[in-house]
Amino acid sequence: MTLPSDQYGALAFSMRGISKSFGSVCANEQIDFMVRQGEIHALLGENGSGKSTLMNVLSGVYRPDCGSLEVFGKQRFFHSPGDAIRCGIGMVYQHFKLAESLTATDNIMAGLSRTQIADAIRSVRQAADSDGHEDKTAAPIRSSGYRKNWKSDLVRRFASRFHVEFDPDKPASQLSVSEKQSVEIIKVLIRGAKILVLDEPTAVLTPQETKRLFGVLRNMRDRGCSVVFISHKLGEIMELCDRVTVLRKGRSVDTLVVSEVDTYDLVERMVGHKVELEIARPDPNPEHEECLRVDSLSYLDEKGVRKLSGVSFSTFYGEILGVAGLAGGGQKELCEVIAGIIRPDGGAIAVDGESITGLSPRSISAKGVSMCFIPEDRLGMGLVASMGMVENVLLKEYAFQKGIFIHSDAARSKSEQIVEELDILTPSISHPVRLLSGGNIQKVILGREIHLKPKLMIAAYAVRGLDIQSSYTIYRLLNEQKARNVSVLYIGEDLDVLMALCDRILVLCQGENMGIVDARNTTKIELGQMMSGTKLEVLRSGVDYVSNR
Amino acid sequence: MFRIAKREKSSLSDSFLFRILGFIVGMGLSMLFIGVLGHNPFKSMTTLLSGAFGTANAFRNTLTFAIPLATTALGLSVAFRMKFWNIGGEGQLLMGATAAMFISMVTGPNTSGWILIPTMLIAGFIGGAVWAMIPGIFRIHLRTNETLFTLMMNYLAIEFVKYLYYNLWKDPGRSGFPGIKSIQTQAFLPRVMGVSVGVLIPVVLTVVVFILVNKTKPGYEIRVVGESEPTANYAGMNVKKIMLGGVLLSGGIVGLAGAAKLAGETFTLTESLAGGAGFTAIVIAWLANLSAPIILVVSFLFAALEQGAQTIQLRLGVPAAVAEIIKGLMLMSFLGSEFFLRYRLIYDRRKPVKQQILVEDKPVCSGDPPATLGSEGKEGET
């Protein structure tokens with residue numbers, strides 16, 4: 001594969017023939033990946049296709065088994081991430097690496113060398129000189145520190161060059177998710193990064209914040225920086241990126257110009273065969289028979305922070321009710337309160353008109369409420385990582401067995417059934433689940449919960465971190481549950497999916513119910529406004545109002 | 001340049017091979033050390049082995065020494081399964097022995113051994129359990145740090161026994177010398193071929209702990225709690241209750257070790273009764289990866305090492321510190337072999353090659369020049 005490297009711009013970096021294996025698993029096999037200066041280049045691939053391994057090779061975390069890396073025309077061999085940073089490669093990871101108790105400024109400045117600080121000061125001054133910025137009149141920044149807050153000044157002015165805004169004096173713990181991301185970006189830029197690698201940066205952002213991020217990235221591109229954008233969301237790639245490289249099973253499949261391809265084409269290259277991209281949405285049960293009823297539920301967490309305040313809604317049999325909201329908006333607490341894991345401070349929960357408020361998780365589960373909660377680290381709650389499938393299936397039923405001994409025969413045959421029904425790839429049903437891939441882990445949880453034949457199924461972040469194929473399997477499974485007249489509560493992150501899969505969408509903002517919209521007639525903008533705190537009534541001012549009840 | 005990579009799996013034969021290699025390396029280092037001191041290294045090693053297994057008496061001593069080690073390690077392993085870091089084995093063992101001593105003191109001289117011994121063992125269990133319960137309750141309800149708490153409880157137990165030794169339980173028949181009377185003679189554990197029947201305690205407990213942990217509901221709950229408390233909560237388990245139960249069981253078994261040692265070996269209570277078994281058992285439990293049957297084997301080997309080292313000290317006339325160092329070297333090599341079981345070292349043969357011509361579509365598998373990473377990396381403004 002040859003790229004016309006001088007047609008648009010010089011290469012920022014080129015990775016050729018990169019191979020990296022872990023034991024017998026070959027994560028990268030002869031991958032070629034070349035990014036030009038001044039372009040936004042998407043890296044697309046399913047889970048396990050080798051994206052993160054490749055990026056870890058680029059950023060010096062892993063050393064490739066073979067292959068070569070050239071950065072700005074020079075052969076490089078990185079011994080550590082520090083080497084990569086010195087060559088101008090900056091990684092922004094999906095999970096932020098900030099010291100929560102330090103201010104944004106301290107997070108950014110920590111570990112900067114004198115020359116790096118000098119460079120940053122120079123670049124701020126140059127910017128001020130060249131575009132006659134107001135900074136010109138401001139007092140000069142000195143690293144000697146006679147002005148107490150020269151650091152935060154420097155950070156603010158450096159950030160404003162890239163049109164990034166956040167309060168540099170706020171502790172990282174008080175920054176919003178998108179501000180934290182901005183801090184991460186500035187952190188690598190101030191270290192002189194000319195190549196920015198972003199790993200699924202939009203997973204945690206609202207549509208509005210995503211737009212702002214895109215603006216920042218475009219701005220960087222126009223300044224000649226290169227951006228590597230890793231994402232599952234095809235829409236974003238089509239909107240933002242110039243070129244895209246598709247990885248499949250550890251190999252680079254193609255590098256394409258985004259404007260010349262469409263989404264179907266991309267998915268086909270990524271998966272290797274045609275995939276139906278439409279999420280089916282069978283009509284809900286028209287009878288509107290109430291399953292779960294939640295009445296003015298409130299919850300204060302251990303620190304006394306209000307996580308839920310006066311949330312009321314109902315779910316119906318045979319429908320999927322989606323719950324949208326920003327990270328930390330109370331979705332997790334809502335699930336846990338309903339499942340009985342934490343106790344509400346006020347309000348009532350009833351299933352089939354029978355109160356379950358304050359019951360233990362086990363008795364709630366016995367009443368047919370089933371929760372599959374997939375936390376960020378996937379294995380933190382719901383599964384026991386080092387145990388096999390059989391013992392994980394036992395988790396929900398061992399308590400109902402007679403006697404003191406554990407009987408695993410039934411769980412064994414059930415596990416085999418789940419493996420077969422959901423196509424779970426595992427060497428054996430006693431293989432520790434933590435060694436399975438993300439998609440398979442999620443299928444294990446879902447399979448176990450489905451087998452409990454619940455009335456109400458809570459699926460929280462069920463497709464988190466999953467690739468397209470596994471996600472669609474999960475959607476299919478949820479739709480099957482809906483067809484079986486199960487009431488499904490789906491906590492989701494991707495608005496496109498919520499709008500395509502659910503029948504109604506409830507929006508939570510800081511623990512408050514902003515309203516429930518009909519998923520068939522809503523827009524992303526409307527949902528985004530509700531997610532940032534505008535109530536539906538206000539938004540529509542009485543027009544076409546779908547009642548909470 | 002060497003680099004370290006994780007082994008994805010290690011076979012059973014590998015693990016045997018590495019452990020034996022570790023053992024040999026430990027022997028070698030010990031021999032080297034003794035040689036440097038001016039003793040015959042080969043003789044010292046044969047002395048070590050014969051001191052542990054050479055004569056019937058040596059073998060009996062080794063077995064006797066292994067009893068409290070194995071029992072304590074089994075007890076601790078239950079708490080470790082829950083990630084409750086019980087390092088208070090020393091104190092729990094001592095309090096178990098104290099409780100057993102108390103039973104022997106309050107019962108009349110005509111009490112039959114058939115009643116007295118079981119009562120003492122049960123009392124030992126309760127003594128250890130209570131001693132573990134105190135930090136346990138604080139940990140469960142107030143989230144205190146159980147590592148520090150259990151450690152401090154050790155010193156409390158030692159001082160408490162000292163108080164008994166010098167004051168409350170001081171034997172008036174010793175004409176002013178401090179000391180506690182021996183337990184009643186019918187409470188001595190019977191001996192079979194010179195070994196106290198207490199040796200059965202760890203054997204039986206191994207089976208019990210193994211079945212409990214792997215086959216029963218409480219054991220399943222303990223394992224789930226240890227793996228992830230949120231998951232246990234989610235599954236509707238009462239984490240507090242399970243943890244308290246596990247801690248009681250852990251402390252109880254350790255206390256039982258104390259009672260058995262009192263009734264089978266020392267016959268009287270002193271502050272040094274535990275003799276470090278509570279700490280050695282921590283190492284044993286982890287070396288055995290918390291598996292009950294392996295704990296039994298490892299304890300025996302540990303006891304043999306201890307006995308052998310003592311014999312070297314006696315026969316070769318080396319200082320006690322030498323025996324300790326030999327023990328340390330052996331343990332270090334053994335633990336070192338664990339590292340090689342989990343990781344492997346890879347020798348990176350990437351030598352700097354000056355000029356490398358890249359050919360497209362043909363990977364270069366070695367010989368990347370190590371870039372001189374300096375100022376040119378961050379050159380220029382955009």
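What follows is a reading of this predicted model, which begins with a sheet and moves on to cores, cavities and salt bridges.

In chain A, four strands make up an open sheet, arranged in the order E12-E11-E14-E15 and paired in antiparallel fashion. Its edges are strand E12 (306-316) and E15 of chain A, each of which pairs on one side only. Strands of a sheet pair through backbone hydrogen bonds, and the pairing may be parallel or antiparallel. Within this sheet, strand E11 (residues 290-300) of chain A runs antiparallel to strand E14 (residues 346-351) of chain A, and five bridges join the two. Ser298(A) is found opposite Gly346(A) of E14(A).

On its other pairing, E14(A) is joined by two bridges to strand E15 (residues 354-355) of chain A, again with antiparallel direction. The bridge partner of Val351(A) in E15(A) is Glu354(A), while Ala350(A) has Ser355(A) of E15(A) as its partner. E14(A) and E15(A) form a hairpin with two residues between the strands, and there Asp352(A) adopts a positive phi near 55°.

The interior may be considered next. In soluble globular proteins, nonpolar side chains tend to be buried together. The largest nonpolar core of this model comprises 131 residues, and the members that touch the most others are Leu478(A), Tyr490(A) and Ile505(A). The greatest contribution to this core is made by helix H10 (residues 239-266) of chain B, which supplies 12 residues. Another core, of 55 residues, lies apart from the largest one; Ile108(A), Val188(A), Val258(A) and Val267(A) are among its members.

Where is space left unfilled? Rolling a probe the size of a water molecule over the atoms shows where empty space is left. Over the whole structure, four cavities of 30 Å³ or more are found. The volume of the largest cavity is about 140 Å³. It is lined by 16 residues, and those closest to its centre are Pro361(A), Ser365(A), Val369(A), Lys396(A) and Tyr234(B). Helix H12 (361-366) and strand E16 (369-373) of chain A each provide at least two residues of this lining, and the largest share, four residues, belongs to H12(A). By class, the lining of the largest cavity consists of 11 nonpolar, three polar and two charged residues.

The second largest cavity has a volume of about 90 Å³. Of the 12 residues in its lining, Pro64(A), Leu69(A), Arg76(A), Phe77(A) and Phe78(A) lie nearest the centre. Strand E4 (residues 66-71) of chain A contributes the most to the lining of this second largest cavity, namely three residues. Seven nonpolar, three polar and two charged residues make up that lining.

The charged side chains complete the picture. Side chains of opposite charge can pair when their charged atoms come close. Across all chains, the whole structure contains 36 salt bridges. One of them links Glu239(A) to Arg218(A), with the closest N and O atoms 4.0 Å apart. Because Glu239(A) belongs to helix H9 (residues 234-240) of chain A and Arg218(A) to helix H8 (residues 207-222) of chain A, this pair ties together parts that are 21 residues apart in sequence. Glu239(A) is partly exposed, at a relative accessible area of 45%, and Arg218(A) is also partly exposed, at 27% relative accessibility.

A further salt bridge joins the side chains of Asp254(A) and Arg269(A), at 2.5 Å from N to O. Asp254(A) lies in strand E10 (residues 251-257) of chain A and Arg269(A) in helix H10 (residues 263-271) of chain A, so the bridge ties together parts 15 residues apart in sequence. Both partners are partly exposed: Asp254(A) has a relative accessible area of 22%, and Arg269(A) one of 24%.

In chain B, Arg174(B) forms a salt bridge with Asp171(B), their closest N and O atoms being 3.9 Å apart. Are these two residues buried or partly exposed? Arg174(B) is partly exposed, with a relative accessible area of 34%, whereas Asp171(B), at 14% relative accessibility, counts as buried. Elsewhere, salt bridges with shared partners connect Asp283(A), Lys482(A), Asp503(A) and Arg520(A) in one network.

Technical notes:
Residues numbered from 1 in each chain as written. Chains lettered and ligands numbered in written order. Predicted model: local features only at pLDDT ≥ 70, side-chain atom pairs only at ≥ 80, totals over all residues. Heavy atoms only, no water. Buried < 20%, exposed > 50% of the residue type's maximum accessible area, 1.4 Å probe, protein only. Core = buried A, V, L, I, M, F, W, Y, C linked by side-chain atoms within 4.5 Å. 1 Å grid on protein atoms, 1.4 Å probe; cavity = no way out; pocket = protein on both sides within 12 Å on 5 of 7 lines; lining within 4 Å. Points joined across faces, edges and corners; volume = space filled by probe spheres on them. Nonpolar A, V, L, I, M, F, W, Y, C, P; charged D, E, K, R; others polar. Pairing = 2+ DSSP bridges.
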